[in-house]
Amino acid sequence: MMLRWNRKKTHFPLIAFLSLVFIVLTILHNEHSMRQIQENPDHALHPQEAPVTFVKANRINPAQEVLDRFSKCNSTRDYSGRKIAWVDRNESQRRRVASERCDVASGKWVFDNTSYPLYNESECPYMSDQLACHKHGRPDLGYQYWRWQPHECNLKRWNVIEMWEKLRGKRLMFVGDSLNRGQWISMVCLLQSVIPANKRSMSPNAPLTIFRAEEYNATVEFLWAPLLVESNSDDPVNHRLDERIIRPDSVLKHASKWEHADILVFNTYLWWRQGPVKLLWSAGKNGICEELDGLGAMELAMGAWADWVASKVDPLKKQVFFVTMSPTHLWNREWKHGSEGNCYDEKTPIDFEGYWGSGSDLPTMRMVEKVLSRLGSKVSVLNITQLSEYRKDGHPSIYRKFWETLKPEQLSNPPSYSDCIHWCLPGVPDVWNELLFHSL
C-alpha cells in the first residue's frame with residue numbers, strides 16, 4: 001500500500017500541471033469563440049454550420065447589365081449560402097424605444113357610417129379599376145364604413161389640410177408592389193379633393209408615377225419595386241414571367257429614384273410567396289444563377305435594403321416607414337370551419353380578436369422584425385397586419401376589372417376568380433394611411 005501511495009504521490013505534480021494547461025487552453029478557446037460571436041452574431045445561432053461568406057451590398061459595378069424582363073439565367077445551381085453583410089450604424093439605439101403612446105395596431109373595427117368613407121369612389125379621378133369595387137358591381141357598401149379603434153387611445157383624426165401642411169415642399173414616395181400602390185392611390189384620393197383641378201396633375205403610368213400639387217409644391221409618388229432589390233420584374237406592366245431573377249445584393253437601381261424623397265413608405269412580401277427565386281449576384285459571371293426559397297431570398301433583399309437605410313438615412317432629414325405584410329383571405333375554412341371557399345361574398349369583418357390566418361406568414365414576420373430592430377430609429381413600422389387580418393370583407397373579390405377574359409367554368413364558380421389579395425377603395429388602405437398620418 002505504501003508503495004502504491006508513494007507512486008501516486010510522485011505523479012501528482014504532473015497531473016496538476018496538465019490540468020492547469022487544460023484550464024488555460026479552455027479559457028483561451030472560449031475567449032476566441034466569444035470574439036467570433038461578437039464579430040458575427042449569426043454564427044452563434046448556427047455554430048454547426050460551415051463558415052458563411054458575407055457579401056457587401058450595393059457596390060457599383062459599371063460593367064453590370066441591368067436586369068429586365070428579357071434577362072435569363074444561363075445556368076442555375078444550388079444556393080451557395082452567401083449572406084448580405086451590412087453594418088448597423090445605429091448601435092446606440094439598436095432596439096427601438098417603445099413609444100409612450102398606446103399601441104394603435106391593437107384594437108377593433110367599429111361600424112361608422114357617419115364619419116366614413118373619407119372620400120367617395122366616384123369623386124376620385126385617380127381611382128384604379130382594380131380597386132373600384134362599387135363601380136364594378138359590388139352591391140353592398142358596408143366595407144366602406146368601418147373605422148379602426150385602438151383599445152387604449154384614439155387614432156388621430158384624418159385632416160386633409162393638416163396632411164398637406166406636413167407635405168409642403170416635400171416628396172412622399174411609396175415604394176413596393178401592387179398592395180403599396182393601392183395605399184398610394186388611397187393617399188392620392190384622400191388628398192386630391194382640396195386641390196383645384198388646374199393646380200394638380202398625374203404623370204403617365206411608369207415605374208415612377210407622380211401626383212403633383214402645385215399650391216403646396218409637393219408630390220405623392222409611387223415607385224414600382226415589388227422585390228426592393230433589382231429584378232427582372234421591375235416593369236410595372238409586363239412582369240408575369242416564368243422565373244423570378246433578382247440581384248440580392250443591390251438596391252441601387254431603385255435607390256437612384258427614391259434617395260431624394262423626404263418621406264419613404266416601403267413594403268415587400270407578396271411576391272416572395274410565389275415559389276423559388278433565382279439569385280444573380282452583382283459579382284457573378286457568365287449568367288450563373290443560384291436558386292433559393294422565397295423566405296431566404298426575401299431575407300437577402302431585406303439585408304441589401306437595410307444596408308442602404310443604415311448608411312444613407314439621417315432620421316433628422318428623412319422619414320422612412322416600413323409597412324408590415326398585408327394578409328390574404330384565400331381559405332374561408334380558416335374562419336368558418338367546415339366550409340370551402342374564400343373571401344367571396346364576405347360582408348363583415350372577423351370578430352375574433354387575435355385571429356391569425358395563413359395569409360400572414362409568421363416566419364416571415366419574425367425575419368422582418370429581426371432586420372427592422374437593427375435599424376433602430378432610422379425606420380418606423382406601420383403595423384397593418386393584425387388589423388387587416390380581420391377584414392375578410394374588404395377585398396375586391398369578383399368586383400373589379402379583369403384584364404384577361406374569364407372562362408365559362410370560372411364565371412360559374414365566382415370563388416375561383418375572386419381577388420382576395422388586394423383591397424377595395426375606399427376601404428382598408430385608407431386606415432393604413434391614417435396610421436401614417438398619425439405617425440408623421
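1. The largest pocket of this predicted model receives its greatest contribution from helix α4, which gives four residues to the lining. The elements that supply two or more residues to this lining are α4 and β9. In total, 40 residues line the pocket, and those lying nearest its centre are Q130, S178, R181, R400 and W403. The volume is about 1400 Å³. By class, the lining of this pocket comprises 21 nonpolar, 12 polar and seven charged residues.

2. Helix α4 spans residues 178-192 and packs against helix α10, residues 428-439, at an angle of about 75°, the two axes lying 9 Å apart. The helices α4 and α10 are therefore roughly perpendicular to each other, since angles of 65 to 115 degrees are counted in that class. On the α4 side the contact is formed by L179, G182, Q183, S186, M187 and L190, and on the α10 side by P429, D430, W432, N433 and L436. Six nonpolar, four polar and one charged residues make up this contact.

3. A further helix pair involves α4. The axes of α3 and α4 cross at roughly 110° and come within 9 Å, which makes α3 roughly perpendicular to α4. V160, M163, W164 and L167 of α3 meet M187, L190 and L191 of α4. The class composition of the contact of α3 with α4 is seven nonpolar, no polar and no charged residues. M187 and L190 of α4 take part both in this contact and in the contact with α10.

4. An open sheet is built from seven strands in the order β7-β8-β9-β6-β11-β14-β15, with mixed pairing. Strands β7 (200-202) and β15 (380-382) stand at the edges with a single partner strand each, so one side of each has no neighbour in the sheet. On average, and ignoring direction, neighbouring strands of this sheet are turned by 15° against each other.

5. Strand β8 (residues 208-213) and strand β9 (residues 218-224) pair in the antiparallel sense over six bridges. R212 stands opposite T219 in β9. Strand β9 is also one of the elements that give two or more residues to the lining of the largest pocket.

6. Helix α3 (residues 160-167) lies across β6 (171-176), β8, β9 and β11 (263-266), and runs at about 80° to β9. Helix α10 packs on the sheet and touches β6, β11, β14 (319-323) and β15. The direction of α10 makes about 155° with that of β15.

7. A second open sheet has four strands in the order β2-β13-β12-β10, and its pairing is mixed. Its edges are β2 (75-78) and β10 (245-246), each with a single partner strand, so one side of each is left without a neighbour in the sheet. Strand β12 (residues 277-279) pairs with strand β13 (residues 288-292) in the antiparallel sense over three bridges. The bridge partner of V277 in β13 is L292.

8. Four cavities of 30 Å³ or more are found in a search of the whole structure. The largest cavity holds about 70 Å³ of space. Of the 13 residues lining this cavity, Y116, Q144, W146, G427 and D430 are the closest to its centre. Helix α10 gives the most to the lining of the largest cavity, with three residues. The lining of this cavity divides by class into nine nonpolar, two polar and two charged residues. D430 belongs also to the contact between α4 and α10.

9. The bond from Y116 to P117 is cis, with omega near 5°, and P117 lies in the loop between β4 (107-111) and β5 (146-150). Y116 is among the residues closest to the centre of the largest cavity. The bond from L425 to P426 is likewise cis, with omega near -5°. P426 lies in the loop between α9 (408-411) and α10.

10. N58 has a positive phi of about 60° although it is not a glycine. This residue, N58, is found in the loop between β1 (54-56) and β2.

Conventions
Residues numbered from 1 in each chain as written. Predicted model: local features only at pLDDT ≥ 70, side-chain atom pairs only at ≥ 80, totals over all residues. Heavy atoms only, no water. Axes fitted to C-alpha atoms, helices over the stretch in contact; angles between N-to-C directions. Parallel < 35°, antiparallel > 145°, perpendicular 65-115°, else oblique. Contact = heavy atoms within 4.5 Å. Nonpolar A, V, L, I, M, F, W, Y, C, P; charged D, E, K, R; others polar. Pairing = 2+ DSSP bridges. 1 Å grid on protein atoms, 1.4 Å probe; cavity = no way out; pocket = protein on both sides within 12 Å on 5 of 7 lines; lining within 4 Å. Points joined across faces, edges and corners; volume = space filled by probe spheres on them.
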